[in-house]
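Let's take a walk through this protein together, starting from the inside and working towards one end of the chain. Have a look at the sequence and the fold below before reading on.

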Amino acid sequence: MNISISIADDHPMVIDGVQKMLSECGHITLSHAWPDGTALLAGLESEQPDVLLLDIQMPGKTGDELAPLILKKYPEMKILALTNFDSTLHVQHMLRHGVLGYLLKTTDRETLITAIETVYWGEEFIQESLREKLNLAGQRIKREVSTKSALTPREKEVLRCIVNGDNAQEIAEKLFLSVRTVENYRFNLLLKLDAKNIAVLVRKALELGLTDKT
């Protein structure tokens with residue numbers, strides 16, 4: 001058995017770390033590394049790995065945007081999320097997009113290898129600490145319940161700007177935030193409102209009256 005893997009991550013230290021962890025693992029070969037979604041999509045045109053290690057938060061398209069695009073075009077590919085996000089909300093979101101595995105960047109070598117092997121065979125792998133959180137949460141939390149009260153004041157401000165049609169740069173300037181921080185807020189809003197894109201987010205925000213200043 002020889003498993004070819006690739007990694008998409010904008011942090012060189014993470015890529016180097018994965019490479020070192022797998023350097024003495026004869027049956028797993030790291031073939032390519034990409035720093036962002038654009039490079040990833042271009043690279044996959046010429047060669048597809050058996051398993052793709054995919055970061056969630058990257059420049060340009062995020063991991064949750066990339067996963068369904070990749071799996072639609074390359075349905076045989078297995079995707080393993082490799083991220084710092086340790087919330088059940090992120091796990092559920094990625095699994096809904098067809099990702100087979102979810103692993104934290106703090107994981108050890110043995111767990112990384114096991115995760116790669118597991119998803120290679122088409123089976124689900126979720127890091128144990130996160131699986132425990134999912135079980136405690138009852139697998140699926142009803143996001144519709146108390147959605148309005150679940151939003152923080154800052155999230156509501158960002159949401160109002162999004163509904164107004166402001167882009168990330170404009171929101172950052174209005175609220176005195178970095179663009180990266182705005183992107184994180186936008187990502188969390190998509191998760192909390194279970195919206196697959198900004199258009200759906202705006203529609204739900206208006207339907208639920210989430211932009212009302214109450």
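Which residues have the most contacts inside the largest nonpolar core? In this predicted model, they are L40, L44, L52, L54, I70, I79 and Y102, within a core of 26 residues. Helices and strands both contribute: among the elements that give two or more residues to this core are helix 2 (37-44), strand 3 (51-54), strand 4 (78-83) and helix 10 (179-192). Helix 3 supplies the largest share, 4 residues.

Leaving aside residues up to four places away in sequence, L44 touches W34, P49, I70, Y74 and M77. There is also a second, separate core, with 22 residues, including I28, L82, L100 and L103.

Now follow helix 10 to a partner, helix 8 (residues 153-163). The two pack at an angle of about 95 degrees, and their axes lie 10 Å apart. Because of that angle, helix 8 is roughly perpendicular to helix 10. On the helix 8 side, R154, E155, V158, L159 and I162 take part, meeting Y185, R186, N188, L189 and K192 of helix 10. The residues of this contact comprise 5 nonpolar, 4 charged and 1 polar.

Our last stop is helix 11 (residues 198-207), where V200, L201, V202 and A205 are buried. Helix 8 and helix 10 turn up again here, among what covers those buried residues. At the start of helix 11, the backbone nitrogen of A199 has a side-chain oxygen of N197 within 3.2 Å. After the helix comes G209, with a positive phi near 65 degrees.

Note on methods
Residues numbered from 1 in each chain as written. Predicted model: local features only at pLDDT ≥ 70, side-chain atom pairs only at ≥ 80, totals over all residues. Heavy atoms only, no water. Core = buried A, V, L, I, M, F, W, Y, C linked by side-chain atoms within 4.5 Å. Buried < 20%, exposed > 50% of the residue type's maximum accessible area, 1.4 Å probe, protein only. Contact = heavy atoms within 4.5 Å. Axes fitted to C-alpha atoms, helices over the stretch in contact; angles between N-to-C directions. Parallel < 35°, antiparallel > 145°, perpendicular 65-115°, else oblique. Nonpolar A, V, L, I, M, F, W, Y, C, P; charged D, E, K, R; others polar. Polar contact = N/O pair within 3.5 Å; in protein donor to acceptor, adjacent residues only side chain to side chain.
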